Amino acid sequence: MNKGLLLVISGPAGVGKGTVIKKLLENKDYVFSVSATTRSPRTGEEDGINYYFVTKNEFQRKIRANEMLEYAEYVGNFYGTPRSFVMSKLGEGKNVVLEIDTAGALQVKSQMPDAVLVFIGPPSMENLEERLRGRGTEDESVIERRMKTAKKELGFINKYDYCVINDDSAWEKTAREIEAIVLAEKHSVKRKNVIIPEKNNRQ
Ligand code: 5GP
(Lines give C-alpha, C1' and ligand atoms only; values in the text may rest on other atoms or scores of the structure.)
Protein backbone atom coordinates (compact mmCIF):
# COMPACT_ATOMS: atom_id res chain seq x y z
CA MET A 1 0.00 0.00 0.00
CA ASN A 2 1.40 3.39 -0.97
CA LYS A 3 0.23 5.39 2.03
CA GLY A 4 2.07 8.51 3.11
CA LEU A 5 4.02 8.70 6.33
CA LEU A 6 3.09 10.98 9.21
CA LEU A 7 6.26 12.79 10.27
CA VAL A 8 6.12 14.65 13.57
CA ILE A 9 8.91 17.15 14.14
CA SER A 10 9.57 18.84 17.47
CA GLY A 11 12.40 20.80 18.98
CA PRO A 12 12.90 23.87 21.11
CA ALA A 13 12.08 27.34 19.76
CA GLY A 14 15.15 28.79 18.05
CA VAL A 15 16.62 25.44 16.98
CA GLY A 16 15.91 26.18 13.31
CA LYS A 17 12.99 23.78 12.73
CA GLY A 18 11.36 26.19 10.27
CA THR A 19 14.41 26.36 7.99
CA VAL A 20 14.91 22.59 8.06
CA ILE A 21 11.24 21.97 7.25
CA LYS A 22 11.31 24.53 4.41
CA LYS A 23 14.20 22.59 2.87
CA LEU A 24 12.36 19.30 3.35
CA LEU A 25 9.27 20.68 1.60
CA GLU A 26 11.24 21.30 -1.60
CA ASN A 27 10.68 17.57 -2.02
CA LYS A 28 7.15 17.35 -3.46
CA ASP A 29 6.45 14.06 -1.66
CA TYR A 30 6.09 16.13 1.53
CA VAL A 31 3.30 18.49 2.59
CA PHE A 32 3.13 20.70 5.66
CA SER A 33 0.16 20.63 7.98
CA VAL A 34 -0.69 24.23 8.88
CA SER A 35 -1.64 24.42 12.55
CA ALA A 36 -4.27 26.59 14.19
CA THR A 37 -3.13 28.88 17.00
CA THR A 38 -4.50 31.53 19.32
CA ARG A 39 -1.20 33.44 19.43
CA SER A 40 -0.80 36.68 17.47
CA PRO A 41 1.03 36.64 14.14
CA ARG A 42 4.71 37.65 14.18
CA THR A 43 5.98 40.11 11.59
CA GLY A 44 5.95 38.45 8.19
CA GLU A 45 3.65 35.59 9.20
CA GLU A 46 0.55 35.01 7.08
CA ASP A 47 -2.78 33.46 7.93
CA GLY A 48 -3.20 30.08 6.23
CA ILE A 49 0.54 29.83 5.43
CA ASN A 50 2.34 29.84 8.77
CA TYR A 51 -0.73 29.24 10.93
CA TYR A 52 -4.48 29.66 10.95
CA PHE A 53 -4.73 32.49 13.47
CA VAL A 54 -7.97 32.01 15.40
CA THR A 55 -9.63 33.32 18.56
CA LYS A 56 -9.80 31.26 21.77
CA ASN A 57 -13.55 30.78 21.18
CA GLU A 58 -13.02 29.46 17.67
CA PHE A 59 -10.25 27.14 18.91
CA GLN A 60 -12.51 25.74 21.62
CA ARG A 61 -15.30 25.20 19.08
CA LYS A 62 -12.88 23.18 16.91
CA ILE A 63 -11.93 21.00 19.89
CA ARG A 64 -15.60 20.33 20.70
CA ALA A 65 -16.33 19.47 17.06
CA ASN A 66 -13.46 16.92 17.15
CA GLU A 67 -11.72 18.79 14.31
CA MET A 68 -8.32 18.62 16.03
CA LEU A 69 -6.03 15.61 15.73
CA GLU A 70 -4.18 16.97 18.77
CA TYR A 71 -3.76 20.26 20.59
CA ALA A 72 -1.70 21.70 23.41
CA GLU A 73 -1.19 24.88 25.40
CA TYR A 74 2.28 26.33 24.92
CA VAL A 75 3.57 29.46 26.69
CA GLY A 76 0.01 30.70 27.28
CA ASN A 77 -1.45 30.02 23.82
CA PHE A 78 -3.26 27.11 22.19
CA TYR A 79 -1.85 25.29 19.17
CA GLY A 80 -3.48 22.39 17.31
CA THR A 81 -3.44 20.22 14.18
CA PRO A 82 -6.56 20.18 11.97
CA ARG A 83 -7.43 16.50 11.49
CA SER A 84 -9.06 16.42 8.02
CA PHE A 85 -6.05 17.80 6.09
CA VAL A 86 -3.70 15.24 7.63
CA MET A 87 -5.99 12.31 6.88
CA SER A 88 -6.71 13.27 3.29
CA LYS A 89 -3.04 13.91 2.39
CA LEU A 90 -1.89 10.62 3.95
CA GLY A 91 -4.55 8.92 1.82
CA GLU A 92 -3.06 10.60 -1.28
CA GLY A 93 0.33 9.07 -0.42
CA LYS A 94 1.99 12.29 0.75
CA ASN A 95 4.33 12.45 3.73
CA VAL A 96 2.64 14.88 6.10
CA VAL A 97 4.90 17.03 8.28
CA LEU A 98 3.64 18.24 11.66
CA GLU A 99 5.76 20.80 13.49
CA ILE A 100 4.36 20.51 16.98
CA ASP A 101 5.44 20.55 20.63
CA THR A 102 6.31 17.48 22.70
CA ALA A 103 2.87 17.21 24.35
CA GLY A 104 1.17 17.22 20.94
CA ALA A 105 3.68 14.74 19.51
CA LEU A 106 2.90 12.21 22.24
CA GLN A 107 -0.85 12.62 21.64
CA VAL A 108 -0.33 11.90 17.94
CA LYS A 109 1.80 8.82 18.68
CA SER A 110 -0.83 7.38 21.00
CA GLN A 111 -3.60 7.89 18.38
CA MET A 112 -1.50 6.96 15.34
CA PRO A 113 1.33 4.61 16.37
CA ASP A 114 2.64 4.53 12.78
CA ALA A 115 3.68 8.19 13.07
CA VAL A 116 7.44 8.79 13.13
CA LEU A 117 8.61 11.23 15.80
CA VAL A 118 11.78 13.21 15.09
CA PHE A 119 13.32 15.59 17.61
CA ILE A 120 15.58 18.39 16.33
CA GLY A 121 18.07 19.32 19.05
CA PRO A 122 20.56 22.20 19.35
CA PRO A 123 24.34 21.55 19.54
CA SER A 124 24.23 23.13 23.05
CA MET A 125 21.94 25.20 25.31
CA GLU A 126 24.26 28.22 24.91
CA ASN A 127 23.91 27.98 21.16
CA LEU A 128 20.11 27.82 21.50
CA GLU A 129 19.94 30.93 23.69
CA GLU A 130 22.14 32.86 21.24
CA ARG A 131 19.84 31.92 18.38
CA LEU A 132 16.71 32.92 20.31
CA ARG A 133 18.21 36.34 21.09
CA GLY A 134 19.46 36.74 17.53
CA ARG A 135 15.90 36.31 16.24
CA GLY A 136 15.00 39.61 17.94
CA THR A 137 11.25 38.97 17.77
CA GLU A 138 10.62 38.38 21.46
CA ASP A 139 11.22 40.37 24.63
CA GLU A 140 13.37 39.17 27.54
CA SER A 141 10.56 37.57 29.57
CA VAL A 142 9.39 35.53 26.55
CA ILE A 143 13.00 34.39 25.89
CA GLU A 144 13.30 33.27 29.52
CA ARG A 145 10.03 31.31 29.30
CA ARG A 146 11.09 29.74 26.01
CA MET A 147 14.47 28.65 27.48
CA LYS A 148 12.67 27.12 30.46
CA THR A 149 10.26 25.34 28.12
CA ALA A 150 13.20 24.19 25.94
CA LYS A 151 14.85 22.50 28.93
CA LYS A 152 11.58 20.70 29.71
CA GLU A 153 11.17 19.64 26.07
CA LEU A 154 14.69 18.21 25.92
CA GLY A 155 13.64 15.87 28.73
CA PHE A 156 11.21 14.19 26.29
CA ILE A 157 13.85 13.17 23.73
CA ASN A 158 13.74 9.51 24.75
CA LYS A 159 10.03 9.35 23.80
CA TYR A 160 10.98 10.13 20.19
CA ASP A 161 11.93 7.64 17.50
CA TYR A 162 14.88 9.73 16.22
CA CYS A 163 16.94 12.76 17.18
CA VAL A 164 18.92 14.94 14.76
CA ILE A 165 21.17 17.86 15.76
CA ASN A 166 20.80 21.05 13.75
CA ASP A 167 24.23 22.71 13.82
CA ASP A 168 24.47 26.35 12.75
CA SER A 169 23.69 26.77 9.04
CA ALA A 170 23.62 23.00 8.51
CA TRP A 171 19.88 22.87 7.78
CA GLU A 172 20.39 21.18 4.39
CA LYS A 173 22.28 18.32 6.05
CA THR A 174 19.61 18.08 8.78
CA ALA A 175 16.84 17.95 6.13
CA ARG A 176 18.72 15.20 4.27
CA GLU A 177 19.06 13.23 7.51
CA ILE A 178 15.29 13.44 8.04
CA GLU A 179 14.67 12.28 4.46
CA ALA A 180 16.96 9.32 5.15
CA ILE A 181 14.94 8.48 8.26
CA VAL A 182 11.70 8.55 6.24
CA LEU A 183 13.22 6.38 3.51
CA ALA A 184 14.39 3.80 6.05
CA GLU A 185 11.00 3.83 7.81
CA LYS A 186 9.21 3.20 4.51
CA HIS A 187 11.29 0.05 4.07
CA SER A 188 10.81 -1.08 7.62
CA VAL A 189 9.51 -4.65 7.81
CA LYS A 190 6.77 -3.63 10.25
CA ARG A 191 5.24 -1.32 7.60
CA LYS A 192 5.20 -3.91 4.84
CA ASN A 193 3.08 -6.99 4.36
CA VAL A 194 6.15 -9.17 4.18
CA ILE A 195 5.46 -12.86 3.58
CA ILE A 196 6.79 -14.71 6.60
CA PRO A 197 7.44 -18.45 6.06
CA GLU A 198 5.57 -20.63 8.50
CA LYS A 199 7.57 -21.96 11.43
CA ASN A 200 9.02 -25.47 11.18
CA ASN A 201 8.43 -25.54 7.46
CA ARG A 202 12.11 -25.72 6.65
CA GLN A 203 13.52 -29.20 6.09
P1 5GP B 1 5.78 29.28 17.77
O2 5GP B 1 4.94 30.17 18.63
O3 5GP B 1 7.25 29.54 17.99
O4 5GP B 1 5.39 29.33 16.31
O5 5GP B 1 5.51 27.78 18.23
C6 5GP B 1 5.61 27.45 19.58
C7 5GP B 1 5.55 25.95 19.75
O8 5GP B 1 4.28 25.45 19.37
C9 5GP B 1 6.58 25.18 18.93
O10 5GP B 1 7.21 24.24 19.80
C11 5GP B 1 5.76 24.52 17.89
O12 5GP B 1 6.36 23.31 17.48
C13 5GP B 1 4.46 24.28 18.63
N14 5GP B 1 3.32 24.06 17.74
C15 5GP B 1 3.05 24.65 16.54
N16 5GP B 1 1.94 24.16 16.02
C17 5GP B 1 1.47 23.21 16.87
C18 5GP B 1 0.34 22.33 16.87
O19 5GP B 1 -0.47 22.28 15.95
N20 5GP B 1 0.20 21.52 17.95
C21 5GP B 1 1.07 21.51 18.99
N22 5GP B 1 0.85 20.65 19.98
N23 5GP B 1 2.15 22.32 19.04
C24 5GP B 1 2.35 23.16 17.99
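Me: What covers the buried residues of α1?
Reply: The cover includes β1 (6-10), β2 (30-32), β7 (95-99), β8 (116-121) and α7 (171-186). Helices (H or I, at least four residues) and strands (E, at least two) are DSSP runs, numbered from the N terminus. This is a predicted model: local features need pLDDT of at least 70, side-chain atom pairs count only at pLDDT 80 or more, and totals for chains, interfaces and linings use all residues. Residues are numbered from 1 along each chain as its sequence is written, and side-chain values use heavy atoms, leaving out hydrogens and water.

Me: Which residues of α1 are buried?
Reply: K17, V20, I21 and L24. Buried means under 20% relative accessible area, with a 1.4 Å probe and protein chains only.

Me: Why are they on the same side of α1?
Reply: Because they cover an arc of only 95° around the axis, taken from the directions from the helix axis to the C-beta atoms.

Me: What does L24 touch?
Reply: Leaving out residues up to four places away in sequence, L24 touches L7, I9, Y30, V97, A175, I178 and E179. Contact means heavy atoms within 4.5 Å.

Me: Now the largest nonpolar core. How many residues has it?
Reply: 27, and L24 is among those with the most contacts inside it. Such a core is a set of buried Ala, Val, Leu, Ile, Met, Phe, Trp, Tyr and Cys residues joined through side-chain atoms within 4.5 Å.

Me: Which element gives the largest share of this core?
Reply: α7, with four residues.

How values were computed: Buried < 20%, exposed > 50% of the residue type's maximum accessible area, 1.4 Å probe, protein only.
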